[in-house]
Amino acid sequence: MNGIIHVRTVCLAIAAFAAAAALDAGEPAFIPSERILPGTTRLWVSIREPDAVRAGFNKTQIGKLLQDPAMQPFVKSFREQLRSSGRQRLKKLGLTLEDLEKIPAGELAIACVEPRKDVAAIVLLVDATDNERSLAALIEQLADRIGKQGGRRLPPVAATPELVAFELPADPADHSGKPEFAAFASRGSALVIGDDVSVVTEAFTRLSKGRPDSMESLPAFRPVMERTAKGLPAGRAAVRWYVDPLKYAGLMETVRNNRERALPRTGGKNKSAEDQRDRRVDVLLRNGFDCILGAGGHVVFDAGSNEVLHHSLVYAPPLPGREPFGTDRFNSSARMLRFPNTAAIDPPDWVPKDVARWTAFEWDMKTAFKNAEPIVDDMVGTPGAFDDIVVTLRDDTDGPQIEVERDLIAALGTRVVVLGDHVHPIDAEADRLLVAIEAKDAKLLAATIDKSMKSEPDMRRLEHGGHVIWELVEKDVSLPKLEVETPVGKVVHEEDGAGESRRGRRDRLREREERLLPHSAVTVAHGHLFIASHLDFLRKVIGTSAGADALASSADYKAVTAETRKLFPSRTALRAFGRTEETARPTYEAIKNGWMPSSKSLLGQMLNAMLADGKPGSVRKQRIDGSSLPEFDVVRKYFGTTGLSVESTEDGWFVGGVAVARSANGEPEVAQRAAGTSR
């Protein structure tokens with residue numbers, strides 16, 4: 001089961017939490033799940049009051065969206081797609097979404113556990129207090145369903161007579177040859193179910209007393225849960241979550257790689273270099289990013305003036321003996337994670353009023369540059385690659401001949417702004433992205449950019465509004481493309497028979513950038529370095545001025561900002577604003593029209609990278625049939641605005657955010673309530 005399956009299962013569980021039933025539960029069937037599950041838990045989602053969460057979720061605009069009659073054909077179709085998917089985990093366990101909607105009255109928890117190295121196991125804990133009769137019926141149904149799927153019931157275990165386990169029939173799509181299992185055990189109003197017999201057995205035997213090496217004992221768990229619980233609305237039920245990000249990512253990557261290696265090979269080929277690749281997460285672990293010990297938080301629906309309120313903490317305390325906010329807080333390239341707090345982060349005058357999303361943050365780029373070498377070398381797969389690139393940029397007679405640290409890094413400030421938008425009609429290439437970096441010395445920066453761009457044959461010089469713009473011209477398809485998918489591979493250069501040249505390494509990194517932003521445009525304007533995905537978006541941004549055309553003047557931005565400043569009244573390292581109507585629409589249209597896999601948006605490219613077969617240029621098959629979705633104009637009323645802020649703390653980064661509904665006249669409801677208008 002790959003990482004996406006696990007993520008999807010968690011999403012299904014959250015949806016089930018929002019639809020679970022039963023009020024006024026009696027004594028819980030088991031102690032809190034964080035005391036039952038082991039310290040090898042990599043991902044965990046839990047809710048202790050399913051009915052309250054369901055009630056709150058149903059009051060949100062997304063809850064109302066899912067109840068809209070126009071959405072019912074898709075909702076029904078989506079459920080059927082989940083049921084019919086051969087790799088859908090709930091189905092293999094004999095469960096349905098309806099089961100999880102009807103049974104829980106107390107806590108419902110789902111977790112991904114690593115009981116043995118590189119083994120990912122799913123386990124659910126269900127508290128059916130005051131609903132024991134339905135639970136007994138469900139247990140009978142589980143055994144019947146799994147048996148009808150071809151499951152072979154295993155002999156009972158004397159030590160745990162309540163345990164029922166099945167070996168599942170082989171999945172035709174799984175070529176690993178490893179057997180799969182489904183197991184469940186119940187006592188009273190407690191049910192434990194999962195796909196690993198040992199994990200289910202262990203959790204079941206710990207229901208009443210827990211275990212000393214539980215996930216609650218992890219160094220990050222208690223600080224994360226305690227910090228993110230503060231400031232939540234009194235009496236509101238919350239969805240809680242926790243993840244060990246690097247261990248979970250590494251586990252999912254290993255599982256996915258193992259599945260790919262098990263696929264049949266044609267032509268009698270031996271294992272390729274792709275089979276022997278490092279996990280991407282190993283690059284992070286080798287370069288100090290194991291400083292991130294955990295992350296988690298609380299999510300509350302219908303939270304007073306907001307539809308959604310969420311608190312999260314990325315727990316990364318300084319290494320022993322290090323200053324909490326010092327440049328050497330972490331080791332190696334993890335020192336790049338330095339985001340200073342500042343008093344004010346607001347949209348500059350040139351941010352257009354109608355953008356879909358705006359994010360701005362502080363980043364110590366000088367410290368980042370000084371510590372980038374280890375991870376760049378590791379990613380490229382060649383010691384000295386970072387230094388070689390820097391030297392090439394300085395000394396190569398065919399290159400820009402710039403001193404990167406002196407001519408570029410020293411000219412930059414600490415503020416980074418990211419804008420997102422799209423154009424109409426919406427298609428696979430509708431998304432627009434722009435990154436702006438504050439210029440400390442705009443004159444030097446402009447000279448450096450001009451010098452650098454002039455040395456690139458595929459950059460075209462334009463002028464717009466008194467600004468010089470450099471646009472990437474699409475390369476002739478007849479030119480040879482440099483293969484970049486295997487970073488450990490060597491490219492022999494005609495000037496250097498010993499391996500890849502300095503310029504070759506630089507070109508290889510540049511090729512990756514061009515694949516991400518194939519139509520990019522660059523300029524220095526308004527005291528910033530602008531890098532845009534498309535020329536039209538860049539022109540729009542640099543042509544915006546203060547006043548009615550700027551984002552800072554819009555009513556929805558002001559309303560959401562007022563809410564986020566309640567969470568962070570003083571200094572922050574990041575602030576963000578988004579209009580979900582605009583941010584969701586490209587993805588909605590892509591799913592509805594079936595071209596999500598070919599989307600050129602960052603989300604589309606990320607999904608394609610994770611879900612495709614890994615071959616350059618390949619496009620995966622879309623997994624969700626969205627043809628029954630209604631036209632977007634029918635449901636756009638359900639999408640509002642969001643705000644988010646991040647504070648750098650002594651032990652990591654605290655994240656707080658809100659989602660605000662939009663009223664019938666299009667204004668933020670929070671602004672209407674502030675003016676005395678009822679909801």
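Helices (H or I, at least four residues) and strands (E, at least two) are, in this talk, DSSP runs numbered from the N terminus. By that convention, helix H10 is followed by Gly231, whose phi is positive, near 85 degrees.

Let me state the basis of the work. This is a predicted model, in which local features need pLDDT of at least 70, side-chain atom pairs count only at pLDDT 80 or more, and totals for chains, interfaces and linings use all residues. Residues are numbered from 1 along each chain as its sequence is written, and side-chain values use heavy atoms, with hydrogens and water left out.

The predictor's confidence in each residue, from 0 to 100, is the pLDDT; its mean for the chain is 83, and 78% of residues reach 70 or more. Over residues 476-499, pLDDT stays under 50.

I turn to helix H10, residues 221-229. Phe221, Val224, Met225 and Thr228 are buried there, buried meaning under 20% relative accessible area, exposed over 50%, and partly exposed in between, with a 1.4 Å probe and protein chains only. These residues lie on the same side of H10, because they cover an arc of only 90 degrees around the axis, taken from the directions from the helix axis to the C-beta atoms. Among the elements that the buried residues pack against are helix H2 (33-36) and strand E20 (652-660).

Finally, Glu647 belongs to strand E19, residues 641-649. Glu647 counts as partly exposed because its relative accessibility is 25%. Beyond its neighbours within four places in sequence, Glu647 has contacts including Arg227, Phe568 and Trp653, contact meaning heavy atoms within 4.5 Å.
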